[in-house]
Amino acid sequence: MSPLTEADTCRKYVVPKLVDAGWDSEPHSIAEQRTITDGRIVPVGKGFVRKPPRRVDYLLRYRRDFPLAAVEAKAAYKSAADGLQQAKQYTEMLGLKFAYATNGHEIIEFDYFTGRETACSGYPSPAELWRRYCDARGIVDEQTAERLLAPFNHEVEKGERYYQQIAINRVVEEILKGRQRLLLTMATGTGKTAVAFQICWKLWSSRWN
C-alpha cells in the first residue's frame with residue numbers, strides 16, 4: 001500500500017479532528033488553502049515571473065473576520081515537527097498567536113503568548129482558544145470582546161487583505177482597551193482608506209463611543 005499523501009492525510013485525519021473540536025460550527029469556520037500572498041515578483045530579462053503564492057493549509061476563524069490560529073499539515077509518513085517552522089512562519093505573517101503543525105496523528109502547538117511548544121492529542125475548541133486569547137490580551141469583559149468581534153463591512157469589498165485585517169483588528173483592540181493615541185503606518189497603495197473605514201465601521205456598528 002502506498003503511503004498517504006498530504007491531501008489524504010488532511011481528508012482522513014486533519015479535517016475530522018478540526019470538526020470534532022467545533023471549528024466547523026457557526027459562527028466559527030475553517031478556511032482551507034487560504035492564499036496569503038500572490039507570490040513574489042522576480043525580474044527575468046525584460047519581463048518577470050511570479051513565484052508560487054503562499055497558502056496556509058487551514059486558518060481557524062473564531063469569527064469570519066477574526067482568525068485565531070494557523071494549521072500546517074504534512075503527509076502521515078512525515079513528522080508533525082516537519083511542518084512546525086512553516087506553521088510558525090504563516091502564523092507570524094498573519095499576526096496570529098497560535099500555530100499548529102500536524103501529520104494527522106501528531107499535533108504540535110506553539111503558543112506565542114507563552115513561547116511554549118506542546119504536543120497535543122487534539123485541537124482546542126474555539127471557546128477555549130478564544131478564552132486563552134482574551135486572558136493573554138487582557139480583555140476582561142464580554143462587551144469588549146463582542147465589540148472586538150464585530151464584523152467588517154463586506155459590501156464595500158475593502159479591507160480584507162491579510163495585512164489590512166491585522167491592522168484593523170489590532171487598532172480596534174487597543175482602542176477598546178482604552179488607548180487614546182495610536183499611530184498606524186502603512187505604505188502607499190496598501191489600503192489606508194479601507195483600513196480607516198473598517199476601523200470606524202467596527203466601532204460604530206458595535207455602538208462604541
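## Overall fold

A contact means that heavy atoms lie within 4.5 Å, and by this rule residues 24 or more positions apart account for 59% of the contacts in the chain with a separation of 6 or more. The model is predicted, with local features needing pLDDT of at least 70 and side-chain atom pairs counting only at pLDDT 80 or more, while totals for chains, interfaces and linings use all residues. Residues are numbered from 1 along each chain as its sequence is written, and side-chain values use heavy atoms, with hydrogens and water left out.

The secondary structure comes to six helices and eight strands, where helices (H or I, at least four residues) and strands (E, at least two) are DSSP runs numbered from the N terminus. From the N terminus on, these elements follow the order α-β-β-β-β-β-α-β-β-β-α-α-α-α. The radius of gyration, taken over C-alpha atoms, is set against a globule rule of 2.2 Å times the number of residues to the power 0.38; the chain has 18 Å, close to the 17 Å that the rule gives for 209 residues, so it is as compact as a globular protein of that length. Buried residues make up 44% of the 209 residues, with buried meaning under 20% relative accessible area, exposed over 50%, and partly exposed in between (1.4 Å probe, protein chains only).

## Aromatic pairs

Rings of Phe, Tyr and Trp (its six-membered ring) pair if their centres lie within 6.5 Å, and planes under 30 degrees apart count as stacked, over 60 as edge-to-face and the rest as tilted. A search of the whole structure finds eleven such pairs. In one of them, tyrosine 62 and tryptophan 130 are stacked, at 4.9 Å centre to centre with 15° between the planes. Tyrosine 62 belongs to strand β4 (residues 54-63) and tryptophan 130 to helix α3 (residues 126-137), so the pair ties together parts that are 68 residues apart in sequence. Tyrosine 62 is buried at a relative accessible area of 11%, and tryptophan 130 is buried at 8%.

For tyrosine 100 and tyrosine 123, the ring centres are 5.7 Å apart and the planes stand at 70°, so this pair is edge-to-face. Both tyrosine 100 and tyrosine 123 are buried. Elsewhere, ring pairs link Tyr62, Phe66, Phe98, Phe113, Trp130 and Tyr133 into a cluster.

## Salt bridges

A salt bridge is a side-chain nitrogen of Lys or Arg within 4 Å of a carboxyl oxygen of Asp or Glu, and the count comes to ten. Arginine 137 and glutamate 173 meet in one of them, at 2.5 Å from N to O. Since arginine 137 lies in helix α3 and glutamate 173 in helix α5 (residues 162-176), the pair ties together parts that are 36 residues apart in sequence. Arginine 137 is partly exposed, with a relative accessible area of 23%, whereas glutamate 173 is buried at 3%.

Another salt bridge joins glutamate 174 and lysine 177 (3.7 Å, N to O). Arg137, Glu173, Glu174, Lys177 and Arg179 are linked in a network of salt bridges.

## A buried lysine without a partner

Lysine 202 lies in helix α6 (residues 192-205). This residue is buried yet has no salt bridge, and the nearest side chain of opposite charge, aspartate 65, is 6.2 Å away; here Lys and Arg count as positive and Asp and Glu as negative, while His and the chain ends are not counted. Not counting residues up to four places away in sequence, lysine 202 touches several residues, including Leu148, Phe152 and Ile168.
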